[in-house]
Amino acid sequence: MLKPIDAHAVELAETAAAAFRATFGSEPEGVWAAPGRVNLIGEHTDYNDGFVMPFALPFYAAAAASKADTWEFHSTYGEGATVRAEDLGSAAADGVDGWAAYLAGVAWALNESGYPVAPARIAIHSDVPHGAGLSSSAALECAVLLALADLYGHEIDRPEAARIAQRAENEYVGAPTGVLDQSASLLCMEGNVMFMDCRDLAREQEPFDLAAEGLTMLVIDTNAPHRHADGEYASRRADCEEAARLLGVPSLRDAPRHAYLDDDRLSRRLRHVVSENQRVLDTVQVLKEGLVARIGPLLTASHVSLRDDYEVSSVELDSAVEASLKAGALGARMTGGGFGGSAIALVETAAAGKVEAAVIEAAAAKGLPTPRVFTARAAAGAHRVR
Ligand code: GLA
């Protein structure tokens with residue numbers, strides 16, 4: 001019997017198992033759950049071989065699954081849907097798009113990576129907010145990856161599993177993302193924030209007990225649609241590659257600290273990546289010294305750099321960050337890819353209500369969507385639930 005390490009994941013797994021029974025008329029062989037994440041600091045550094053610092057959120061995608069003769073996917077989103085994908089060998093399998101592409105993509109990527117899988121029936125249930133920049137797609141991919149690997153007897157170590165899930169997203173779904181989200185979902189540990197070097201996926205878990213320090217991390221989902229997110233993301237990656245080429249380094253991780261380029265835009269992209277990597281290292285240092293509240297200014301500096309140098313913030317994110325800081329937050333920043341999605345704010349617990357109210361009021365005053373604010377806790381990474 002596996003020990004349930006997150007009661008909420010167990011509840012979601014029950015719902016996924018019930019959806020499996022209702023759709024396929026049998027008991028699933030198992031249920032696997034994988035969480036969404038926030039990134040504390042280290043943004044747009046992953047695809048530059050740099051440093052990131054995510055922690056898992058207690059929102060999970062649960063995959064109930066059994067081996068089968070044909071691929072059949074069901075999801076409880078919206079109306080729920082059953083998709084039959086007869087042929088996963090081609091990245092353009094007919095009828096496999098939307099959420100189902102993440103499932104098919106993982107099966108495809110496992111096959112391509114030397115871990116052959118035969119068909120399965122999979123029912124998905126997830127409460128990771130969709131479109132909020134909290135990695136709902138990585139959660140899906142990672143839950144399904146663990147399910148298929150277990151069903152077909154493959155022992156894949158977690159860093160390699162993260163690369164395979166990333167490959168599904170990059171090559172099958174077609175989103176040119178880095179390895180942050182899948183690593184966070186598969187490798188984060190309850191009560192910790194994970195410091196990771198994206199070059200070799202070397203990791204350190206740093207205890208992250210905010211409550212013990214009288215602190216709270218608010219997540220502010222701006223409820224704003226990601227605008228131009230895909231094209232802009234790809235263009236930032238291209239800028240970084242061009243900057244690295246001009247500097248003659250393999251990636252911006254290797255750029256000298258005070259490197260400079262004549263092109264103003266590329267120079268600002270470069271300055272963001274180099275300074276953000278340093279801020280991650282500084283954050284680790286501050287956490288090791290047990291001075292959690294002191295990470296506040298690093299978070300805020302990260303936001304300013306993402307807003308001005310990297311140009312990936314949005315009116316909604318800036319409003320959330322500014323209102324948080326004005327209401328007394330110790331630090332605040334956008335988290336994830338940007339152009340909408342979520343921000344985080346580190347606050348003294350006694351001030352959490354005031355900051356939440358200020359964020360909502362600021363959005364209303366600017367005619368922006370009403371943000372949803374909740375308290376983050378560092379949850380468990382992906383695991384088999386039953
Ligand atoms: C998105 C991508 C990640 C990472 C972040 C920015 O979440 O999926 O790979 O690049 O943006 O840090």
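**Exercise 1. Which residue does R21 meet in a salt bridge, and what is the N to O distance?**

Before we start, a word on the model: it is predicted, so local features need pLDDT of at least 70 and side-chain atom pairs count only at pLDDT 80 or more, while totals for chains, interfaces and linings use all residues. Residues are numbered from 1 along each chain as its sequence is written, and side-chain values use heavy atoms, leaving out hydrogens and water.

*Step 1.* Recall the rule: a salt bridge is a side-chain nitrogen of Lys or Arg within 4 Å of a carboxyl oxygen of Asp or Glu.

*Step 2.* Apply the rule: the side chain of R21 meets that of E27, with 3.0 Å from N to O.

*Step 3.* Check the surroundings, where buried means under 20% relative accessible area, exposed over 50%, and partly exposed in between (1.4 Å probe, protein chains only). R21 has 33% and counts as partly exposed; E27, with 43%, is partly exposed too.

**Exercise 2. Find a salt bridge that E27 forms with a residue in a distant part of the chain.**

*Step 1.* The partner is R386, with the closest N and O atoms 2.5 Å apart.

*Step 2.* Locate both ends, using helices (H or I, at least four residues) and strands (E, at least two) as DSSP runs numbered from the N terminus. E27 sits in the loop between α1 (7-24) and β1 (30-39), whereas R386 lies in the segment after β13 (383-384), 359 residues apart.

*Step 3.* R386 is partly exposed, at 30% relative accessibility.

**Exercise 3. Describe the salt bridge between R384 and D150.**

*Step 1.* Their side chains meet at 3.5 Å, N to O.

*Step 2.* R384 belongs to strand β13 and D150 to helix α3 (residues 136-151), 234 residues apart.

*Step 3.* R384 is partly exposed at 30%, and D150 is partly exposed at 40%.

**Exercise 4. Work out how α6 and α7 are arranged: parallel or perpendicular?**

*Step 1.* Take the axes, which are lines fitted to C-alpha atoms, for helices over the stretch in contact, with angles from 0 to 180 degrees between N-to-C directions. Those of α6 (residues 229-247) and α7 (residues 264-288) come within 9 Å and cross at roughly 95 degrees.

*Step 2.* Use the classes: under 35 degrees is roughly parallel, over 145 roughly antiparallel, 65 to 115 roughly perpendicular, and the rest oblique. The two helices are therefore roughly perpendicular.

*Step 3.* Name some residues in contact (heavy atoms within 4.5 Å): they include D239 and L246 of α6 and R265 and L270 of α7.
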